[in-house]
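The following paragraphs lead the reader through one structure. Please keep the sequence and the model in view while reading.

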Amino acid sequence: MWKHVVCGCLLVLGACGRDGSATDDWSTLAKVSPAQVLVDDTSTNADEVWRLFDRSTEQGWAPALQEGQSVSVTVRLAADLQETHDVVALKVFGSAPYRLALTKDNGTPLDGFSAVDLSTLEAGWNRLAISGPETLSTVRIKLTALASTS
């Protein structure tokens, strides 16, 4: 049975300080939560996927699989930020057996962000920098399972 969660939490970080000024100081970046999360397929429940963005590190989310089913899953999500933000990083809590790719709403990759093997991340919060900032109102997220765990 599938026991790995994708991660406890994903947070998008905006490039402006809390006062609206441009900053490179990580401690002053604004956290941006999506207004809604859209799922590209009907087999994934958007309400359950929201756990990735709810800022709780107590529970995560994993695709629902039948017992004995091997994992060869790709999940595509869209995090609607409701407004345009200059995004400089994504924070991920913990590791998971997935590869994470981010794209703009039109499907083009974010400049300076390569797909990340989430299984290599440390326990606790991990900051994945984007060599931007990228001005976005929607972040497309692709999570691809790394291996079978049947």
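In this predicted model, Asp40 has a relative accessible area of 48% and is therefore partly exposed. The side chain of Asp40 meets that of Arg140 in a salt bridge, with 3.7 Å from N to O.

Side chains of opposite charge can pair when their charged atoms come close. Arg140 has a further partner in Asp105, and the closest N and O atoms of this salt bridge are 3.3 Å apart. Here too distant parts of the chain are linked, since Asp105 is found in the loop between β5 and β6 while Arg140 is in strand β7, 35 residues apart. Asp105 counts as partly exposed because its relative accessible area is 45%. Through shared partners, the salt bridges join Asp40, Asp105 and Arg140 into one network.

How many salt bridges does a search of the whole structure find? The search finds three. One of them is formed by Lys104 and Glu134, whose closest N and O atoms are 3.6 Å apart. The two residues are 30 residues apart and link distant parts of the chain, Lys104 in the loop between β5 and β6 (116-117) and Glu134 in strand β7. Lys104, at 22% relative accessibility, is partly exposed. Glu134 has a relative accessible area of 7%, and therefore it is buried.

Attention now turns to the nonpolar residues. In soluble globular proteins, nonpolar side chains tend to be buried together. The largest nonpolar core of this model has 31 residues, and those that touch the most other members are Leu77, Leu100, Leu102, Phe113, Leu118, Ile141 and Leu143. At least two residues of this core come from each of β3 (36-39), β4, β5 (98-103) and β7 (125-145).

A last stop is Thr57, which is placed in the loop between α1 (46-49) and β4 (74-93). With a relative accessible area of 31%, Thr57 is partly exposed. Which residues does Thr57 contact, leaving aside its neighbours within four places in sequence? They are Phe93 and Trp125. Thr57 and Phe93 are 36 residues apart along the chain, and their C-alpha atoms are separated by 7.0 Å.

Definitions and conventions: Residues numbered from 1 in each chain as written. Predicted model: local features only at pLDDT ≥ 70, side-chain atom pairs only at ≥ 80, totals over all residues. Heavy atoms only, no water. Helix = DSSP H or I, 4+ residues; strand = E, 2+ residues; numbered from the N terminus. Buried < 20%, exposed > 50% of the residue type's maximum accessible area, 1.4 Å probe, protein only. Contact = heavy atoms within 4.5 Å. Core = buried A, V, L, I, M, F, W, Y, C linked by side-chain atoms within 4.5 Å. Salt bridge = Lys/Arg side-chain N within 4 Å of Asp/Glu carboxyl O.
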